[in-house]
Amino acid sequence: MKVEEAKGHGVNGQPMAPPEDPAGVLGEESLTALRAPAVRRLLALRAERRLSREHVRLAGECLGVSERTV
């Protein structure tokens, strides 16, 4: 699979926006369980010097916290 093909998960391969209220979609327990793996991945990207503001912004939106909290 090409990298370009893996990016889009929505209609016609376009990326989907994160939900307005992630906890309302996933439930508070699931959202809490996803935070640690997300932070580990962000730390790995930082160690590889590949972490971008977009990564942090998207993680914050998906986890229901601010970029500053991430």
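**Helix α4, buried side.** I looked up which residues of helix α4 (residues 53-63) are buried, and found Val56, Ala59, Gly60 and Leu63. Buried here means under 20% relative accessible area, exposed means over 50%, and partly exposed lies in between (1.4 Å probe, protein chains only). Seen down the axis of α4, these buried residues fall within an arc of 100 degrees, so they line one face of the helix. I note that the arc is taken from the directions from the helix axis to the C-beta atoms. The buried residues of α4 pack against α2 and α3 (28-47). Just after α4, Gly64 has a positive phi of about 75 degrees.

**What I am working with.** This is a predicted model, where local features need pLDDT of at least 70, side-chain atom pairs count only at pLDDT 80 or more, and totals for chains, interfaces and linings use all residues. Residues are numbered from 1 along each chain as its sequence is written, and side-chain values use heavy atoms, with hydrogens and water left out.

**Overall layout.** I checked the secondary structure and found four helices and zero strands. From the N terminus on, the order is α-α-α-α. Helices (H or I, at least four residues) and strands (E, at least two) are DSSP runs, numbered from the N terminus. Of the 70 residues of the protein, 14% count as buried. I also looked at contacts, meaning heavy atoms within 4.5 Å. Among those with a separation of 6 or more, 39% join residues 24 or more positions apart. The accessible surface comes to about 5,800 Å², and 55% of that belongs to carbon and sulfur atoms. Accessible areas come from the Shrake-Rupley method with a 1.4 Å probe; for residues, only the protein chains shown count as cover.

**Salt bridges.** How many salt bridges does a search of the whole structure find? I got three. The criterion is a side-chain nitrogen of Lys or Arg within 4 Å of a carboxyl oxygen of Asp or Glu.

- Arg57 pairs with Glu54 at 2.4 Å, N to O. Both lie in helix α4, three residues apart, about one turn of the helix.
- Arg57 also pairs with Glu61, the closest N and O atoms being 2.2 Å apart. Both lie in helix α4, four residues apart, about one turn of the helix.
- Arg50 pairs with Glu48, with the closest N and O atoms 2.8 Å apart.

I noted the helix rule here: an α-helix has 3.6 residues a turn, so residues three or four places apart point the same way. Glu54, Arg57 and Glu61 are linked in a network of salt bridges. Arg57 is partly exposed at 26% relative accessible area. Glu54 is partly exposed at 45%, and Glu61 is partly exposed at 32%.

**Nonpolar surface patch.** Which residues form a nonpolar patch on the surface? I found Val25, Leu26 and Leu34, with about 260 Å² of accessible area together. Patches are made of residues with over 30% relative accessible area and no salt bridge; like charges are joined within 9 Å, nonpolar side chains (Val, Leu, Ile, Met, Phe, Trp, Tyr) within 5 Å. Val25 sits in helix α2 (residues 22-26). Val25 counts as exposed because its relative accessibility is 58%.
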